[in-house]
Amino acid sequence: PLPVPSISIHSGIMKYYYLIKELRRFLAENKPIFVFSPTIDTCEQTFEVVKLFFRGVDFVHSKCSDRNERIDKFRKGITRILITTAVLERGVTLKNLQVIVFGADHPLYTSAALIQISGRVGRKKEAPEGEVIFIAKRETNEMLTAIKEIERANKNL
């Protein structure tokens, strides 16, 4: 089953406060984290904030020429938090991966995209569980639809 995302509504500086709090919690449990960000600009901006609080943070998006090296460092555990755009929506599978969608109310995040992102968690047989958190200024129909679809799919397993 896919993890059912939780929604956390925050705006302004409080969304960063909540992000840092959740990152601390996951790191205390020694879990690697993807923080999805809707655009390249917000990805880099989020990185600038998060790196003030943690070591082992990096970012990756489609314009990173060394994208594979950055992803490899994350796979090896050198980087523990990877802030990314939809470039990592598919393909990367890691044990104990946790996912935060920062700005989940952005118009780029369709319900299908949010479901795909949620599918990054719990992909390893030895670690089938994990968390997906949608951090947003407001709840959207896309977020609610993604949650309902995941719940429906999980019931049909």
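Predicted model: local features only at pLDDT ≥ 70, side-chain atom pairs only at ≥ 80, totals over all residues.

Visitor: Which residues of helix 5 are the buried ones?

Guide: Here's the general idea: an α-helix has 3.6 residues a turn, so residues three or four places apart point the same way. In this model, the buried residues of helix 5 are Met 143, Ala 146, Ile 147 and Ile 150. They sit on the same side of helix 5, because they cover an arc of only 95° around the axis. Look at the other side of helix 5 and you'll find Asn 141, Lys 148 and Lys 155 exposed.

Visitor: How many residues does helix 5 have, and how far does it reach?

Guide: Helix 5 runs over residues 141–155, which is 15 residues. From its first C-alpha to its last, helix 5 reaches 21 Å, close to the 21 Å expected at 1.5 Å a residue.

Visitor: Let's zoom in on Ala 146. Why does Ala 146 count as buried?

Guide: Buried means under 20% relative accessible area. Ala 146 has a relative accessible area of 0%, so Ala 146 is buried. Leaving aside residues up to four places away in sequence, Ala 146 touches Ser 111, Leu 114 and Ile 115. Check Ala 112 too: its C-alpha is separated by 6.8 Å from that of Ala 146, although the two residues are 34 residues apart along the chain.

Visitor: Which strand does strand 3 pair with, and in which sense?

Guide: Strand 3 pairs with strand 4 (residues 81–84) in the parallel sense, over four bridges. Phe 59 stands opposite Ile 83 in strand 4. To get from strand 3 to strand 4, the chain goes through helix 3, and this β-α-β crossover is right-handed.

Visitor: And where does His 61 lie?

Guide: His 61 is in the loop between strand 3 (57–60) and helix 3 (67–75). His 61 counts as buried, because its relative accessibility is 3%. Its side chain makes a polar contact with the side chain of Glu 44 at 2.7 Å. Other residues that His 61 touches include Ile 40, Arg 67 and Val 87.

Note on methods: Residues numbered from 1 in each chain as written. Heavy atoms only, no water. Helix = DSSP H or I, 4+ residues; strand = E, 2+ residues; numbered from the N terminus. Expected span 1.5 Å × (residues − 1). Buried < 20%, exposed > 50% of the residue type's maximum accessible area, 1.4 Å probe, protein only. Arc of directions from axis to C-beta. Polar contact = N/O pair within 3.5 Å; in protein donor to acceptor, adjacent residues only side chain to side chain. Contact = heavy atoms within 4.5 Å. Pairing = 2+ DSSP bridges. Right-handed = clockwise from strand over helix to strand, strands pointing away.
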